[in-house]
Amino acid sequence: MKRLIAAVLLLAALAAAGCAKKQAELPAVEGNAAPDFTLKDLSGKPVQLSTLKGKLVLVNFWATWCPPCREEIPSMVKLNQAMQGKNFQMLAISIDEGGKGAVEDFFKRGGITLPALLDTDGQIARRYGTTGVPETFVVDPKGVIRKKVVGGLDWSHPEVIQALNELMAGK
């Protein structure tokens with residue numbers, strides 16, 4: 001009888017522990033909420049994705065050593081300039097193991113200005129399930145991933161800017 005009571009108590013404890021676990025985060029796919037994260041920018045300031053709700057956010061994973069990323073960056077700079085003053089935020093997340101120094105050197109050599117975040121251990125890239133770089137997630141003002149783009153894209157193309165403006169407007 002004591003064994004039965006102990007077994008029941010053990011099962012009850014395990015069930016309670018299972019109920020206390022946080023619900024698993026949904027994968028970073030179109031139609032799901034974008035997984036939240038906090039990363040530091042080049043000045044060391046933490047940036048949290050969830051604080052940007054209400055804005056259209058372009059979450060771009062890239063690296064300085066990646067040729068398609070280097071080709072894509074000038075169009076991202078142009079897009080960022082075109083979106084100034086709008087409910088838009090670009091987050092260029094570098095997965096460079098060299099961290100801040102590698103990104104700052106790359107930006108300085110190319111005269112590049114982008115809001116860069118550092119994911120030197122690749123934790124956020126893994127959470128988003130990236131398969132390489134560049135890889136971009138367009139997150140709508142409600143925090144939902146509306147588009148995933150694998151590979152480089154001309155982000156400054158008028159049709160791309162129009163589509164992003166429509167997403168900002170809730171279309």
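This section describes the aromatic pairs and salt bridges of a predicted model.

The structure contains seven aromatic pairs. Phenylalanine 37 is buried at 2% relative accessibility, as are tyrosine 128 at 1% and phenylalanine 137 at 0%. Ring pairs join Phe37, Phe61, Tyr128 and Phe137 into a cluster.

Three salt bridges are present. Lysine 100 and glutamate 104 form one of them, at 4.0 Å from N to O. Because these two residues are four residues apart in helix H3 (residues 99-110), about one helical turn separates lysine 100 from glutamate 104. Lysine 100 is partly exposed at 40% relative accessibility, and glutamate 104 is partly exposed at 36%.

A salt bridge also connects glutamate 135 and lysine 148, whose closest N and O atoms are 3.4 Å apart. Glutamate 135 belongs to strand S6 and lysine 148 to strand S7 (residues 145-150), so the pair ties together parts 13 residues apart in sequence. Glutamate 135 is buried at 0% relative accessible area, whereas lysine 148 is partly exposed at 27%. In the salt bridge between aspartate 140 and arginine 146, the closest N and O atoms are 3.6 Å apart. Aspartate 140 is buried at 9%, while arginine 146 is partly exposed at 39%.

Methods:
Residues are numbered from 1 along each chain as its sequence is written. This is a predicted model: local features need pLDDT of at least 70, side-chain atom pairs count only at pLDDT 80 or more; totals for chains, interfaces and linings use all residues. Side-chain values use heavy atoms; hydrogens and water are left out. Rings of Phe, Tyr and Trp (its six-membered ring) pair if their centres lie within 6.5 Å; planes under 30 degrees apart count as stacked, over 60 as edge-to-face and the rest as tilted. Buried means under 20% relative accessible area, exposed over 50%, partly exposed in between (1.4 Å probe, protein chains only). A salt bridge is a side-chain nitrogen of Lys or Arg within 4 Å of a carboxyl oxygen of Asp or Glu.
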